[in-house]
Amino acid sequence: MKKKILENLKTLLIALILAIIIRSLLLQPFYIPSSSMENTLLIGDRLFVTKYSYGYSRHSFPFSPKLMSNRLFYKEPKRGDVIVFKTPSDDRTDYIKRMIGKSGDEIQFIKGDLHINKKKIFKEFVRKGTVFCGREKVNVNIYREKIYKESEYEVAYFEQNSLSDTDPYIVPKNHFFFLGDNRDCSKDSRFLSVAYVKRENLVGKARFLFFSNDSNIGNFLTFWKWYKSIRFDRILKKII
């Protein structure tokens, strides 16, 4: 009996070590709790993030142990990447946004248009729609934004009281500037609680959804509502 218990403990320990290695070095699942990235990401989406995309820092590991002060095997993110990072306000909370600016970039909104280094970023109207902002549903204009040739995605702006003009933001060295795709309902680098994100705080690149559920309709336990609550069209959807 003692031998069997020891073998079971050994198996559990190996499984735990493997899980930590996979979570720290390869893939980590995340849940979307807010509407700041609609319609790219919806509340209830579950996705995988690749931890190796930008190299490794202390935030690659559970509980962010202070094992290193920089990144190992660092790879520069591309503008337009959807990235999970630790918010600078506490170096603990996970946020997910789109990376817009790198070190030295000047970011500014002029008449509602995004400018990077004084160049207006392409934006084309696609359709009218709705997004959530907190619990409230808001009418929006949805645009196709192209930050460079290979990065094209949709962003939403409120029909009324939309962001118009800002002062220039100058991204410090070894930092990044992030925006939510739900532009008028996103706490991102335009606000002090997030501000500019240190290179060390990058966690990984969002790759694809593996599950999505509308919690307003039901949850995993209410299986009789699965046909309504599960967003089957979003499962295995690539994040762009």
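Biologist: Two strands count as paired if DSSP finds at least two bridges between them. In which sense do β9 and β10 pair here, and over how many bridges?

Modeller: Strand β9, residues 136-148, pairs with β10 in the antiparallel sense, over 8 bridges. Strands (E, at least two residues) and helices (H or I, at least four) are DSSP runs, numbered from the N terminus. One thing to keep in mind is that this is a predicted model, where local features need pLDDT of at least 70 and side-chain atom pairs count only at pLDDT 80 or more, while totals for chains, interfaces and linings use all residues. Residues are numbered from 1 along each chain as its sequence is written, and side-chain values use heavy atoms, with hydrogens and water left out.

Biologist: Okay! Which residue is the bridge partner of asparagine 141?

Modeller: That is tyrosine 157, in β10.

Biologist: And what is the order of the strands in that open sheet?

Modeller: The order is β8-β9-β10, so to speak a row of 3 strands with antiparallel pairing. At the edges are β8 (122-133) and β10 (151-158), each of which pairs on one side only. On average, neighbouring strands of this sheet are turned by 30° against each other, direction ignored. For that angle, axes are lines fitted to C-alpha atoms, for helices over the stretch in contact, and angles run from 0 to 180 degrees between N-to-C directions.

Biologist: What does serine 162 touch?

Modeller: Serine 162 touches Tyr157 and Asp184, leaving aside residues up to four places away in sequence. Contact means heavy atoms within 4.5 Å. Serine 162 is in the loop between β10 and β11 (169-170).

Biologist: How far apart in space are serine 162 and cysteine 185?

Modeller: They are 9.6 Å apart, C-alpha to C-alpha, and 23 residues apart in sequence.

Biologist: New topic: how many salt bridges are there?

Modeller: The count comes to 20, where a salt bridge is a side-chain nitrogen of Lys or Arg within 4 Å of a carboxyl oxygen of Asp or Glu. One of them joins arginine 58 and glutamate 200, with the closest N and O atoms 2.7 Å apart. This pair links distant parts of the chain, 142 residues apart: arginine 58 is in the loop between β2 (45-50) and β3 (82-86), and glutamate 200 is in the loop between β13 (197-198) and β14.

Biologist: Why can such side chains pair at all?

Modeller: Side chains of opposite charge can pair when their charged atoms come close.

Biologist: Is arginine 58 buried or exposed?

Modeller: Arginine 58 is buried, because its relative accessible area is 11% and buried means under 20%, exposed over 50% and partly exposed in between (1.4 Å probe, protein chains only). Glutamate 200 is buried too, at 16%.

Biologist: Which residue does aspartate 94 form a salt bridge with?

Modeller: Its partner is lysine 86, with the closest N and O atoms 2.9 Å apart. Aspartate 94 is partly exposed at 33% relative accessibility, whereas lysine 86 is buried at 11%.

Biologist: Last one: which residues make the nonpolar surface patch?

Modeller: Phe220, Leu221, Phe223, Trp224 and Trp226 make a patch of about 660 Å². Patches are made of residues with over 30% relative accessible area and no salt bridge, joining like charges within 9 Å and nonpolar side chains (Val, Leu, Ile, Met, Phe, Trp, Tyr) within 5 Å. The areas come from the Shrake-Rupley method with a 1.4 Å probe; for residues, only the protein chains shown count as cover. Phenylalanine 220 is exposed, at 62%, and lies in the loop between β14 (202-212) and α2 (226-229).
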